[in-house]
Amino acid sequence: MTSPYGVYLHIPFCSRRCDYCAFATWSDRNHLQDAYLDALQAEINREIRLGMPVATSVFVGGGTPSLVDPERLAHVVASIPVIENTELTIECNPESVTPEHVAAYMNAGVNRLSFGVQSMSAATLEALGRDHNPETVSEAVAHARSRGINRLNLDLIYGGAGESIEDWRETIQRVITLNPDHVSAYALTVEAGTPLADDPARHPDDDDQADKYLLADALLSEAGFVNYEISNWARPGQECEHNLLYWRQGNYRGFGCAAHSHHDGRRWWNVRTPDRYIDLIASDESVEASAEELSPDRQRIEGLQLSLRTREGVPREALSDADLQLLEPLIVIDGESIVLSTEGRLLANEVAVRLR
Ligand SMILES: C[S@@+](CC[C@H](N)C(=O)[O-])C[C@H]1O[C@@H](n2cnc3c(N)ncnc32)[C@H](O)[C@@H]1O
Ligand code: SF4
């Protein structure tokens, strides 16, 4: 069997920056798109020449991958060596997806799309500063299906300013009606350095977010989705292989600016800005910004932290009695495994801190 190996491509462009977002993306550098895709291709070619393993999953994320020329992006994606039936996902913003995008992606073997839906309440979307509305989401989903991409993830955010629990209920219900096979729901996080961080009046409330998490879990479970990682629900068999690989500490190679890679305990990441990335590739220099080697102990702890986020949990014997005591009441014993309790799922960061 081929060893799991993930490939990530980063597309650092957006039409405008959402004021809660701290990802490596720019809205004022769209003139670099062509040069960036050339550089991305060159970095991939370089790695192929060095004997890159065959990928078992590919994820194109951003930024907004659907903002760049779909034919050009498809060409880059198609150059990645993959096993048969590889899960191949492209992240898209609903407002920038057309049937032509979907057709180009399909030609490159893409079989899964992840839409940044965030909310199905028009007022909440506006408060989040998004460029789409609930109808745009339904259209994007229809475009995907009309061209034959049926594996769909919908990303949601809860806890935006002015979002009531009823708005959130409506969002989940409308999302279920769209019949995706995967839903990711993230608590709005106040990231340092973002405009949201400077505006405490719009900061989310912990109790409100806990209620919304539990409501999402109840409604999605009732509709047949399984919560297989704290923020992720899937129909059985539709879990995201690429994310599972991250949570299982698998090896992966990230291409593009700010992309992270991991190989057997060595982690490294590329320079952050697209400008610098393009320049370094053009002069045939390394784009690696920095690296770290994880000690065996660090790897063990990170492995526990990551596995505990998932439904698989960790084997009973992986935790000492002292660890178990430390994690009470955030964990429960489930047969031969230890998994998070509902309280633990709500306080996942606390679990990570206690295991540190
Ligand atoms: C980096 S974005 C890329 C996808 C796409 N550009 C979009 O925003 O729709 C991936 C996902 O991260 C989530 N996200 C981004 N910033 C967040 C924040 N501050 N708190 C919670 N979730 C966030 C959103 O759900 C988003 O769909
Ligand atoms: S569209 Fe997505 S990646 Fe771009 S700024 Fe908004 S949240 Fe960040």
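This is a predicted model: local features need pLDDT of at least 70, side-chain atom pairs count only at pLDDT 80 or more; totals for chains, interfaces and linings use all residues.
D205 has a relative accessible area of 44%, so I put it down as partly exposed. I found D205 in the loop between β6 (182-187) and α7 (206-222). Together with D206, D207 and D211, D205 forms a negative surface patch.

Next I looked up the salt bridges and noted a count of 26. R16 and D131 meet through their side chains at 2.5 Å, N to O. I traced R16 to the loop between β1 (5-11) and α1 (33-49), and D131 to the loop between α4 (122-128) and α5 (134-146); the two are 115 residues apart. R16 is partly exposed at 41%, and D131 is partly exposed at 40%.

I then took a pair within one helix. E166 and R169 form a salt bridge with closest N and O atoms 3.2 Å apart. Both lie in α6 (residues 165-178), three residues apart, about one turn of the helix.

I turned to E229, which forms a salt bridge with R309 at 2.7 Å between the closest N and O atoms. E229 belongs to strand β7 and R309 to helix α10 (residues 296-309), so this pair ties together parts 80 residues apart in sequence. I noted E229 as buried, with a relative accessible area of 2%, whereas R309 is partly exposed at 28%. I also noted a network in which R267, E292, R298 and E302 are joined by salt bridges that share partners.

Last, I followed β7 (residues 226-229) to its antiparallel partner β8 (residues 232-234), joined to β7 by three bridges. The two strands form a hairpin with two residues between them, and N227 stands opposite W233.

Methods: Residues are numbered from 1 along each chain as its sequence is written. Chains are lettered from A and ligands numbered from 1 in the order in which they are written. Side-chain values use heavy atoms; hydrogens and water are left out. Two strands pair if DSSP finds at least two bridges between them. Helices (H or I, at least four residues) and strands (E, at least two) are DSSP runs, numbered from the N terminus. Patches are made of residues with over 30% relative accessible area and no salt bridge: like charges are joined within 9 Å, nonpolar side chains (Val, Leu, Ile, Met, Phe, Trp, Tyr) within 5 Å. Accessible areas come from the Shrake-Rupley method with a 1.4 Å probe; for residues, only the protein chains shown count as cover. A salt bridge is a side-chain nitrogen of Lys or Arg within 4 Å of a carboxyl oxygen of Asp or Glu. Lys and Arg count as positive and Asp and Glu as negative; His and the chain ends are not counted. The place of a charge is taken as NZ of Lys, CZ of Arg, CG of Asp or CD of Glu. Buried means under 20% relative accessible area, exposed over 50%, partly exposed in between (1.4 Å probe, protein chains only).
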